[in-house]
Amino acid sequence: MKIHEIMKSKEYKEAKDKIRDWKKQLDREGEEETLKIREEQRKFFSEMKKNNPEIYELFAVSRKEIGEKIYHNITGEEAIID
Amino acid sequence: MAHKKKERGPGNNEPKQTPGEEQATAESEPEFSQGPPREETGELEGAVNEAEGELDNLEAEAKKLDWIDRVIDAMSPYKMELSGFWNRNASWTTYNNEEEAERHSREIRKRNEEELAQEGEGETATESQEARFEWARNIGGFFEKYIIPVTPIINAIERRRNRRFNEDITEDLMTRERLGDELYEAVADAPPVLTTESEEFFELGDRVSGSTACGRYYCYTNHITIESSEGGKNEADRREIIAHEQRHYYSHKGRSVNGNASPPDWLDEGITELGAQRYVREEGFQPSGVSYQTEVAATAYLEDVVQSEMGEVAGAEALERAYLTGDFSNIEKAVDKVLGKGTFAEFVEKENGAEALEFLASKIKESGLDYSGWNDDVVLQDTWLDLGEIWKNA
């Protein structure tokens, strides 16, 4: 996988911005907004897995981080979801 | 975000009328009509006031969000200190045996089920469940006749094997030599407890979190879970997952004991995975893959840089110690000495492993450090990363 090339792509940059926004929102939002983000990111990553599997792999930790924040916002429990 | 109020003036209080409505009014209320009736005007004013009240509320909400944004931004330089404070003051729950941990798992499962039921998603089958149902339907009676009767036996064997792997790994990893005196004392009475959970258990968790997993570590406990795959995963992979999750436990405990912050997630996962991969290979197992590959590569290069300053053994030990205690000051000193002041701080600020990897490679190349042979690391060899391309573009 050619990381340098992938990181220059429009898809990578857009995904990075989206992930940054979600993480920021999840740090302050309540359950309703968290559920909305959960669906948005699920659809977004599911599409990415199909269309851009290499970019999807690069964001493995970001997906994990978002999942952990969602899980924490909903259940109050902290877990490392690997 | 500030909302500019619309000024009230002539015409702004007038109700909007459709052409049909205009005609009807003209027919029923001839020349003496001077605009909307009094009652209607009162209702309209009420509606306008209500709408303005709503706008005021929205404005207040917007200000509050803006205020929260500013607080979050202002707090960001202190994130590490806050995380350290949290780690130091977190309360821990220890599970003394599998039975206790299974009770914890049941609580987790119940909570996840309740959450999904509340959301109205209790009965929704996920894609993978659907795929399994489809598969079961296709093979018809074979499933009921041959698979269902032996499933509990297979699961029991699998649980027993996983428990044995967990004990083996604990024996190897939970030593005074590996963990250091302080951390060893802290975990000596609380070895990691592993439970093997069904695919349904993991699917419920995945649906709540919106992300998939095959292993979980419940923070501030010694409880880890791995997914039952009914014999689908090989022993090397299972051992690797268990070692990975155990390392999360030891490092969390170590940072808690020392009151230090956790490193960024990408670095945490990079060190966790690199250590787990090396350990299982040392034990003679060959995992089928490496997780978090860019994070692992960034970690391996970081270790190389530290080793170039401290020596091979001392450098590797220093990075492991930093991981287990959360105190990266020695790593920062070594990296900054080799690659220039401020390099480590900039490295850990990167948003993900790929960016950290690219940044570190460019700093290494710029410094003139000899990096030949660094890609020969056996774990790096098993990744699908084009490491040559990274150095070429650094």
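A:Lys2 counts as partly exposed because its relative accessibility is 38% (buried means under 20% relative accessible area, exposed over 50%, partly exposed in between, with a 1.4 Å probe and protein chains only). This is a predicted model, where local features need pLDDT of at least 70, side-chain atom pairs count only at pLDDT 80 or more, and totals for chains, interfaces and linings use all residues. Residues are numbered from 1 along each chain as its sequence is written, chains are lettered from A in the order written, and side-chain values use heavy atoms, leaving out hydrogens and water.

| Pair | N to O distance |
|---|---|
| B:Glu351 and A:Arg20 | 2.8 Å |
| A:Glu65 and A:Lys23 | 3.1 Å |

A:Glu65 and A:Lys23 sit 42 residues apart in chain A, and both are buried.

Now for the interface as a whole. The contact (heavy atoms within 4.5 Å) takes in 51 residues of chain B and 37 of chain A. About 3900 Å² is buried between them, with carbon and sulfur atoms giving 49%; that area is the accessible area (1.4 Å probe) that two parts lose on being put together, summed over both. The rule finds seven salt bridges across this interface. There is also a salt-bridge network linking A:Arg38, A:Glu39, A:Arg42 and B:Glu119.

Conventions: A salt bridge is a side-chain nitrogen of Lys or Arg within 4 Å of a carboxyl oxygen of Asp or Glu. Helices (H or I, at least four residues) and strands (E, at least two) are DSSP runs, numbered from the N terminus.
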